[in-house]
Every structure is written in structure tokens, then in C-alpha cells.
Amino acid sequence: MKHETSFTTPSEVSTWRSPSEARDQLNQVIEAFVGGAATGMSAPEAALALKVSAGLGKTSTTLRVIARHGKALLDRGHVLVYVPTLELAERAHHDFTKISPHLPSRVIRGRSASRPGPDHIGKPMCEKFELARKISGFVPSVTQALCRGTDPEGNFIQADCASGCPYLAQKDTCGPHVVFLSHAYLSVDPPIDRDIAVALRVIDEKVWPELTRTTTVSIEDFMCAPPASFPGHLRDTAAQVKAMVVDGLQRQLPLLDHVRRSGIRPEMIEEVAMAEAKSRNGLDIAPWHSAPAVAFRVDTFDGRSFIASRQRERVLSRLTENKDGSCRGLRLIGAQSGQSTRSVIELSDVQTLERDAPLLLLDADADPEITARIAPGSEFVSIQSAPVADIVQISDLTLSNAWLLDPQRGRERRAAVLRILSKEVDGAGSAGVLVVATKSVLRALHSDVGPSLPGEDDEALRRPLLEAVPRWFGPRMQGVNDYENFGGIVIIGRLQPGIVDIERAAHAVFANDDQLIEPHVSGTLPSVATHAVMADGSLRRCEVRSHPDRRVQSILAQSRECGTLQAIARLRLVVPDRPKRVVILSNLPLPNLPVSRFTSFEALERGLEDEPDWPGFERMERALRAIRDRPVCATRLSATGLAEDLPRDFLTEGSARRFRRGRSTEDLISLCRRIATANRWPISVVSLTRAGGGKPIPAIVLDGPHAARELAQEFWPDFSVEDAEPPEKISVPRE
């Protein structure tokens, strides 16, 4: 038969380490790095990025090593452990206290987070968290604006709610601690004792999205006249600089050189930027102001003008921040505003991580290029161990949101998905099945099997779907161990960000690159050749839509490919506690995921995933179905016979010959038997011989053995009919 094309290129196949070898290496690498931080042997700017297969225990290993060196580390300062969410921070802290209950450690909670403890369920850490959220960014310090500070007469004043405030108590906790906190605190100061240095920073899971920043300012806001407080002697210079910036962006010129040619020196631009900052009026509130006064000032504050001023300052500062005179991370784009499009200046950048202490980055999806932008100079180490599971993937469809949510055929297609899911749940028994899709697809599937879900209710999305546990792609799938004992997972489709969104993220992450990001002009992304890794080590040729700029493609892969891999990793497949099964309902090639076998969506739905010749099965089944209305359902298996007996599907003898190419007679007979079994059709194999002699021709009759010879004689009167010899003895002559 004609098999799928496969090839082996040893250099392209991942070199997997056994779990024990991988864990030994992981422990050695982390031990060396954390030990260096504990003894002061590592430089403050030292950084190590570890790409580690999920399930090898990168987080637990790190916590054990920190506990082992805990006293020495805390003698040098805080140990800060950043994880994606507060929930994960609480779990990590719980695990750490079991390892080392005597080391001082704690979790940092934001103002809106619930207070810990059963007596405070539903109570926020800060009574004024909503007001704090509203004024954030408009005041230098939320604590000084709402909680406590020194009034103009030099008196220390604090709000009534500040006394006993659990949020402020975090700031007042003295001494070094092992601190667990969410990624959100990478861009703001955490409420810890700031008089103590940091001895070690650990950032667990993917962090770059938290560090990217993309903002816009309209041309009108950028060019508007400065306030009365702006220095008069700089007004003409400011107007000229802003006009030159807009002109340079429109013509895509090197901005600083363009401004310089007008006679404006870099130090003059810096002076204008500082004047913009000084003339900006912030929100003036303080703890000694009455509640009505604070409410009035907040309600009447012109936040739009404040933000526009801050954006103008950022654009002007961007002109001179690079010593080589280059100006990156700025571009002029069209932004949709209602029914029209207006020109805006987009500012993109990525915040680099603090380097005042050794930095350890842990991420199963770590990308070397992205890591180099958020933590320049990092050492990059990859430790990989192969997942152990029966991994089945479809090869013919993407199962995109548009395909599954199509108004005309979406429900029919989702019904097929639900049939597959039901079979997987039945096959897993009590082991449990996780099903992962986009939120919109999960919502539609829930509606297909029950009442429609209300609005954007995430909790309703989590309710069981045909007894499977539904979750969706995204950051909430990172670092979660809740499903490690499940027996299977079904992935429906994939996360596919829009081209504009991934290019915007790439502009931010790679804002300081000399080479500009190459945008994709229009239409879908081009298809490029790649490969999927098979469980036997071979590589299967396939195609994937890829962005022409490799940096944008790396951003796309972080959401699309890694989103699926992160979901699969929730089953912890490196050393599974039972046989596990992964079903991927998308033809997206996944890097370094060893697939057991590929099949088609329809074959999987029909329970025929192990069919070795699905293309032949589909075509021959269709051809046999087409003759079910005939008095005699039969066909010869030679090229001539297929063309004459099944003319609706084999239009010419040439097309029949092409179908036969690569499929022996034994393959065809076996194929027909499998088709008959799948459809519960009776089938008999007979041998035909012409009256004048010659080699026998194999044929099949869709009927039982007692009627088959009589029906065959009726259908082929020019042949004599005999029972077929064993398949290995049959050869097909030319007719």
C-alpha cells in the first residue's frame, strides 16, 4: 500500500534524556546557580534560563535547593519567587513550608486579593482597592495618596482604614523572607521591606507577555499645544520637534537624524521631554483629604490629558535614549475609531528584568531570542525528556474557531467533536479526561449539549462537558498540576492570535533590534514546509502557516504551538502514573512532541484511527457505497475491473491504475474486508477466469459466501467463478 511520506534526519530529532538523567542534570544546574547566589560567588547580573520539560519538577527542585541554602540566602537578602498567579504563589508557598517550615516565608497579595484565612473569605486586602485601581498611574504612590504620608506641615497622617490594614502590614513586615508573588509584581514594587537587598530572583513560567508594553497616542494629542505651565522659551522648540517626528514617521526616516537636520540638538529634545513631565498635573489627593474631596478630585481629574502628556514625554525621550542615535519602537499606524481610521503613534517596548541579584528563569516554552531581550546575557540551558503517552493527531483539518462556529455547518461539525469526546471519556473510564479549546468553542459545545451559558461566565465554562473537564488555552494553563492524574486529554483546535496582535507583540519584544520587524502585508500567512516528530524517531513531512519574519514567528509559536503543548503538559507525561492518551484535533505540527500516529478527523470520529490506509479506505468505501443500490454489489480489483465495475468513482482506467499503484492485491482485499467490517457488510472474495483461460482475477461480492458465486456469475457472465485462493497466492493479470 501507499504509506504516508516519512523520513529520518537524526540531526533534527530531539535528543531526549531519560527522566532520571534529566532530573539529575536539572538538580545539578539549579544547585550550582542557587549555591553561587548563596555564597556570593555569582555576580549580581548573573542569569540562567532553563527550558525544562513539564513534569521533570523544575519548580519543586528549585524550592528544595532554595530550602537547602535558605539560611545563607536570607543572610544576603530576600529571595523572590515569581509565578503566574496568586493562586500558584499560594500553592508554591504551601509546598515550600512543608520542605522548610522554619525559614521565614510569605505570599504577597495585591490590594484586591482576598484576605487569607477562613474568617476573611471575600474580604479584600485593601478596603479602598477599587479607588486604588482607579487612581493607579495618576499618582506617584497609591499608598501615599490613600493610606499614609507626611502633610505639608510635616505631620505623619494615615487614613482610618490604614490601621490594621493587611495590605500595608505586608510593607511593614521586617527582615528577609522567601517571598512568593505573582508575575504582576515584576512591573511594580512589591510591598516588602525595601531596606533589605534581594539575594535571588526566580521567575517561574512564561513571563515576557507581562513585560511587554504597547501604547498609542493620536496625532492630535501628540501635536496639541502644551499647558500654560510649560516653559515659554521651549514652546517653539517643542512644536518643531513634534512636527519633525510626525513627518519622519510618515516618511519612515531615521527620526533623530531627521530632527537634527533642522538644527535641534539631542540635549534640546531631552529638555523638552523633561519640561513635558514637569508641566503635567497629576492627581492631587492625600490621606488627610476628606472622602468627598477625594471623590470630587478623582471624578474631575482629566485623565485623558494626563495620559496624552505621558505619551508625548515617552515619544520624545525615545528619540535620544540610544547612544547610536537610532530610534526604535516607534511607528505610525492606522487605528480603528468607530467607523473611521485615524493615524496614531505606536510606542512599543519590553521591560528588561531587574539585574540587582542573580536571576533564574524557569520555562518549559523558553525561547532563546525572546529570553535574550528580557534578560540580556542570560545563559540558556535546555533539559528535555520525552512524554510517554499514546498521542493521536489528525492530519487533515485545523478545527479553527471559524470552522467550528460556522453558522451553517458549525453545529454538525461540533457534533462530530462531541462524538469523539464521548468515546474518549468512555475509554478513560474513571481516570478522567481534560478537554481544552478556546472559550468561544467551549461555550458553543456546552450549548450543543445543554442550555446556553450566560455571557462571559468562566465558572459556567468549567462545568463538565460529557463528563470531561473543560478548560481553555491561555496563561491559566501554566504551572497547574490539578490534572496530573487524569487518563487523557482532548485538544480541540488551537489558539490562533491575529496577525496584527502578534506583530504588535513582536514590535514590543524586539523593539531595540537594529533590524525592523517585517510586517505581513495581507491575507493568510504563507505555508512553509516543516516536520512532525513521530514516536519511532522518524520525521513526517507537513506544512504550517508561518510569519515571514522569524521573530514574529517566535511570538506566534509562544501562543499557538506552546499553548497546545502547555495544555498537554498538564497530564505530566514524563513519568506517567498510568497509561495516558492524548488526542489532538488539529493538524498543527507541534515541535518535539512524539506523535504515535496521524489519522483523519473522520477516521477518528468513526473509531478507525488505526486504519493503515485511510485515503484508500475513504475512496473505496465511497465507491462501494455508490453501488449499494445495484442488484449485485460487486467489483473486480484489477484496474480495468475497477473502472468498469465502479465507474462513478473510477472514471477512467488510468485513475484506477493510479489508485492501485503502491497497493498490492493483498492490500486491496484486506482494505475491502476492513471497509465491510466497519460498515457491517457481508463480503466474499471470488476468483474469475475467462472462458479462454488465463490468470484468475480477484473480485469481491458484498454478500455471504453461499450467494456470492451465483451473484458473481450473474454479474460477470463471461467469466467462470471459483472461490478465491488464499490472498498471498493471488496475482492480478492485465485484462
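Thr 214 is located in strand S9, which spans residues 212-218. The model examined here is a predicted one. For Ser 348, which lies 134 residues from Thr 214 along the chain, the separation of the two C-alpha atoms is 4.5 Å.

Strand S9 also contributes at least two residues to the lining of the largest pocket, as does strand S11 (340-350). The volume of this pocket is about 1,600 Å³. Its lining comprises 47 residues, of which Ser 136, Gly 137, Ser 187, Val 188 and Asp 189 are the closest to the centre. Helices that each supply at least two lining residues include H5 (129-135), H6 (142-147) and H14 (303-320). The greatest contribution comes from H14, with five residues. Classified by residue type, the lining of the largest pocket has 20 nonpolar, 12 polar and 15 charged residues.

A helix pair was also examined. The axes of helix H17 (residues 410-428) and helix H18 (residues 439-449) come within 10 Å and cross at roughly 85°. H17 and H18 are therefore roughly perpendicular to each other. On the H17 side, the contact involves Arg 411, Arg 414, Val 417 and Leu 418, and on the H18 side Ala 444, Leu 445, Asp 448 and Val 449. This contact of H17 with H18 has five nonpolar and three charged residues, with no polar residues.

Terms used:
Residues numbered from 1 in each chain as written. Predicted model: local features only at pLDDT ≥ 70, side-chain atom pairs only at ≥ 80, totals over all residues. Heavy atoms only, no water. Axes fitted to C-alpha atoms, helices over the stretch in contact; angles between N-to-C directions. Helix = DSSP H or I, 4+ residues; strand = E, 2+ residues; numbered from the N terminus. Parallel < 35°, antiparallel > 145°, perpendicular 65-115°, else oblique. Contact = heavy atoms within 4.5 Å. Nonpolar A, V, L, I, M, F, W, Y, C, P; charged D, E, K, R; others polar. 1 Å grid on protein atoms, 1.4 Å probe; cavity = no way out; pocket = protein on both sides within 12 Å on 5 of 7 lines; lining within 4 Å. Points joined across faces, edges and corners; volume = space filled by probe spheres on them.
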